[in-house]
Amino acid sequence: MVKKKEYKEWPPYAPGTHVHESDISEKKITFTWWEPEVQYSWSLGPAMSKFLMGLKEGKIYGIHCKRCKRIIVPPRMFCEYCFGPTEEWVELPDTGIIETFSISYLDPDARRIEEPILVGVVDLDGTPPHHGFMTYFGEMTKDEIKIGMRVKAVWKPENEREGSITDIKYFKPLKGGED
Amino acid sequence: MKEVAVIGAGMTLFRRHLKETGKELSFLATKMAMEDSGLEKDDIDMVVMGSAPDAFDGIHMKGENLIDGSAAVGKPYVRVFNGGGTGVFAPIAGWWHVASGVADICLVVCEEKMGNCYPHPQTAFRHIWDPILDRPLTPNLVWLFAMEMNRYMTVHGIKKEDIALVSVKNKRNAVGHPCAQLADPNITVEDVLNSEIMAWPVNRLDISPPSDGAAALIFCNRDIVHKFTDDPIYVAGTGWSIDSTMWTNRDLYFPRYVAQAAKMAYKMAKIENPRKEIDFAEPYDPFSYKELHHLEGLLLCKKGEAPILTREGVTQRDGDLPVCPSGGLLGVGNPIAATMGQKVCELYWQLKGVAGKRQIPGDPRIGVAQAWGDIMQMGTVILLRRG
Amino acid sequence: MGFLEKQTDPTSPMHWRGDMQADYFYPSGIAGDKFFKHLMKNDTFLACKCSKCSKVYCPPRLYCEDCFEEIPDSNWKEVPPVGTIRLFTVARLNAHGKNLVTPKVVAFIDIGSTNSAILGIINTNDFNKDFTNAKVKAILRSKDKREGTLKDIVYWEEV
């Protein structure tokens, strides 16, 4: 042990050396640059496999947890609340309500865009409240989009579907009289 | 279970890019904590490192890489990590090393170099999304917070002006912090509302910056704290809880995992009325609305009440419940795990009365700090009390 | 059903392919920056010595990891870029498991007059030789091409 420093105020100073973007681009400091190459192949597991194959067929599958009495989507092999196995596949309607959304002026690479992207979570019909997945919203303006709006999936044409969440292009407003 | 005291704290400058390597930053923060306590490397029994994804620093197994800067060579060492929750979880891990009796003195170091990830740490954040359900939609992390903020605002009918008040308060509070990255004594609500819109309802000045930085804390057993101080600061309670990763299967308007962690901590601290018994709070504020969201999660006010408290000035430094007197993440910076510096280290400095320009008036005796991480999942809570 | 279903189709479950997209910029740090900037202009290394335990670090550090004390600038000095091979191996496969056209001799080189070692590639055509204890010298890039990274040392050669 050594004598403590009795500063009156803490932190007494701020150690560290600030470098600006220009110090980096003008190479005023030395650094090493590295571009990693890492590839992945994720196993989907039986539940997600069936869900994606269902999307390819134009269907949304959920799975039933009998103990919790809930239909879960996206489906999984076990329920994380009761930690029991899930049972019984359920085909769900492709309609629901908007659970939440954002109006993004950033594209996926964080570049600014003029026409915003509408993205959010759809709470699917046939499931307990607040159960759904992330999706785009379309055929509505940023002033029209509202939490609670009824929406319906717009699918890619059958020959373009790949078995991916993007087989649903977006959800559009569900007008009265449509199924 | 042994009672645990804090006897030293330190932190570095927080900036978008710092010249130091991760090891050097860890060293600088640890050195300051050692100056505070009078300890040397051999006095430390065990070390806990808190650092968020390897993908920021770009060094796989970075917990092992940072050892020599954390005074840990030749010592029992563990790295803990739960995303943004690490800033409070690492001190909790340090606490349990001493509370269990396996260590008398435990050093906790938190470090982050988000600037290493090029061109922007958003690139690393992209990999937090589920590869199958979310990534094919090519989401941006700001979308996620925007969706949660929208849900919170809609359920309670909150206006953006009230949320912007948090950015104004915290960036002004940060003026008193020597390490602060984005302190601004003159910022107004109009500045926040007029700042570039990223993903509605989130504007640029609603978001904390990515930062490089490090912080350190030293814990010791109550039996030996008299060697260091006659006015000890104790850990009164700790709590932590995590919710499901399936964030699209939850209503995001209330962080129930924070409430669970808070209840665990309050029970340990024997606090029955948090709003009355707690003197100040440092909730995690990476976005302006998160301070409000977390105040409610910490059960310091009713659901939907946090914006009203903010509007009425209750959460100012001289208010009845000062919140983020340090300047928070919005003002000081957000080097993920190293936010331990302006959260838990701040509790310690405020309780000791050495926070300088940031000092809360009166005689604060109990403070609560909270962090939050992963995909709207992790809540970590710690309470420190004087005497 | 669900978890309890039998899997009879080998093509299901499927897989999902993806990659990690991020580039990295690693600043050399306070000590490292001095070392590499010196190497850009000179043909020597810098080393530093801990005042407490006298351990000599090369490449140098801001602090001694054993004593946890800052090493002052006054304890820095130049050392010649020479060393002795402590261990080596001959790599015949690349990172993806394919045969290298020319094998690579990778060595752990104790830098003379310091207590430190550095990893380096040995320039040689003899891949069956025992390089243990061989004396080697760093061959540096021409000064106008040095960039301030480890690659300014092209390889090491026996003297």
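These notebook entries record what I looked up in a predicted model.

**Entry 1. Confidence in chain A**

I began with the confidence scores. Chain A has an average pLDDT of 92, and 98% of its residues score at least 70. I then looked at the scores by element. The lowest mean pLDDT among the elements of chain A, 87, belongs to strand 2 (residues 38-43), and the highest, 97, belongs to strand 9 (residues 150-155).

**Entry 2. A sheet in chain A**

I next looked up a sheet in chain A. Three strands form this open sheet in the order 4-3-5, with antiparallel pairing. Strand 4 (70-72) and strand 5 (87-92) of chain A are the edge strands, each pairing on one side only. Neighbouring strands of the sheet are turned against each other by 40° on average, direction ignored.

I followed one pairing in detail. Strand 3 (residues 60-65) and strand 4 of chain A run antiparallel and are joined by 3 bridges. Within strand 4 of chain A, A:I71 is the residue that stands opposite A:H64.

**Entry 3. Helix 2 of chain A**

I asked what packs on this sheet. Helix 2 (residues 45-56) of chain A does so, touching strand 3 and strand 5 of chain A. The direction of helix 2 makes about 145° with that of strand 3 of chain A.

I checked the length of the helix. The 12 residues of helix 2 of chain A should span 16 Å at 1.5 Å a residue, and the end C-alpha atoms are 17 Å apart, which agrees.

I then listed its buried residues. In helix 2 of chain A these are A:P46, A:A47, A:M48, A:S49, A:K50, A:F51, A:L52 and A:L55. The cover over them includes strand 3, strand 5 and strand 10 (168-173) of chain A. Just after the helix, A:G58 takes a positive phi of about 85°.

**Entry 4. Where chain A meets chain B**

I turned to the contact between chains A and B. Chain A contributes 46 residues and chain B contributes 54 residues. On the chain A side, the elements giving two or more residues are strand 6 (95-106), strand 7 (112-124) and strand 8 (132-136) of chain A. Strand 6 of chain A supplies the largest share, 7 residues. I also noted the composition of the chain A side: 28 nonpolar, 12 polar and 6 charged residues.

Strand pairing crosses this contact. Strand 6 of chain A pairs in the antiparallel sense with strand 6 (residues 197-200) of chain B over 2 bridges. A:S104 stands opposite B:A199 in strand 6 of chain B.

**Entry 5. Where chain B meets chain C**

I looked up the contact of chain B with chain C. Here 21 residues of chain B are in contact with 20 residues of chain C. Helix 1 (22-37), strand 5 (117-118) and helix 5 (122-125) of chain B are the elements that give two or more residues to the chain B side. That side divides into 9 nonpolar, 5 polar and 7 charged residues.

I found strand pairing here as well. Strand 5 of chain B and strand 2 (residues 23-27) of chain C run antiparallel, joined by 2 bridges. C:D23, in strand 2 of chain C, is the residue opposite B:Y118.

**Entry 6. Strand 8 of chain B**

I moved to the inside of chain B. Strand 8 (residues 212-221) of chain B is mostly covered, with 9 of its 10 residues buried. Strand 1 (residues 4-11) of chain B pairs with strand 8 in the antiparallel sense over 7 bridges. In that pairing, B:L217 of strand 8 is the bridge partner of B:A9. Strand 4 (residues 105-113) of chain B also runs antiparallel to strand 8, with 9 bridges joining them. There B:E111 stands opposite B:A214 of strand 8.

**Entry 7. Strand 12 of chain B**

Last, I examined strand 12 (residues 378-386) of chain B. Because 9 of its 9 residues are buried, strand 12 is largely enclosed by the rest of the structure. B:M378, B:T380, B:I382, B:L384 and B:R386 point one way from the strand, while B:G379, B:V381, B:L383 and B:R385 point the other way.

I asked which strands pair with strand 12 of chain B. Strand 9 (residues 233-242) of chain B pairs with strand 12 in the antiparallel sense over 9 bridges, and B:L383 is the bridge partner of B:G237. Strand 11 (residues 366-373) of chain B is joined to strand 12 by 8 bridges, again antiparallel, and B:W372 stands opposite B:G379. Strands 11 and 12 of chain B form a hairpin with 4 residues between them, and B:D374 in the turn has a positive phi of about 60°.

Terms used: Residues are numbered from 1 along each chain as its sequence is written. Chains are lettered from A and ligands numbered from 1 in the order in which they are written. This is a predicted model: local features need pLDDT of at least 70, side-chain atom pairs count only at pLDDT 80 or more; totals for chains, interfaces and linings use all residues. Two residues are in contact if their C-beta atoms, placed from the backbone, lie within 7 Å. Ala, Val, Leu, Ile, Met, Phe, Trp, Tyr, Cys and Pro count as nonpolar, Asp, Glu, Lys and Arg as charged, and the others, Gly among them, as polar. Two strands pair if DSSP finds at least two bridges between them. Axes are lines fitted to C-alpha atoms, for helices over the stretch in contact, and angles run from 0 to 180 degrees between N-to-C directions. pLDDT is the predictor's confidence in each residue, from 0 to 100. The expected span of a helix is 1.5 Å times one less than its number of residues. A residue is buried if 20 or more other C-beta atoms lie within 10 Å of its own, exposed if 12 or fewer, and partly exposed in between; C-beta atoms are placed from the backbone.
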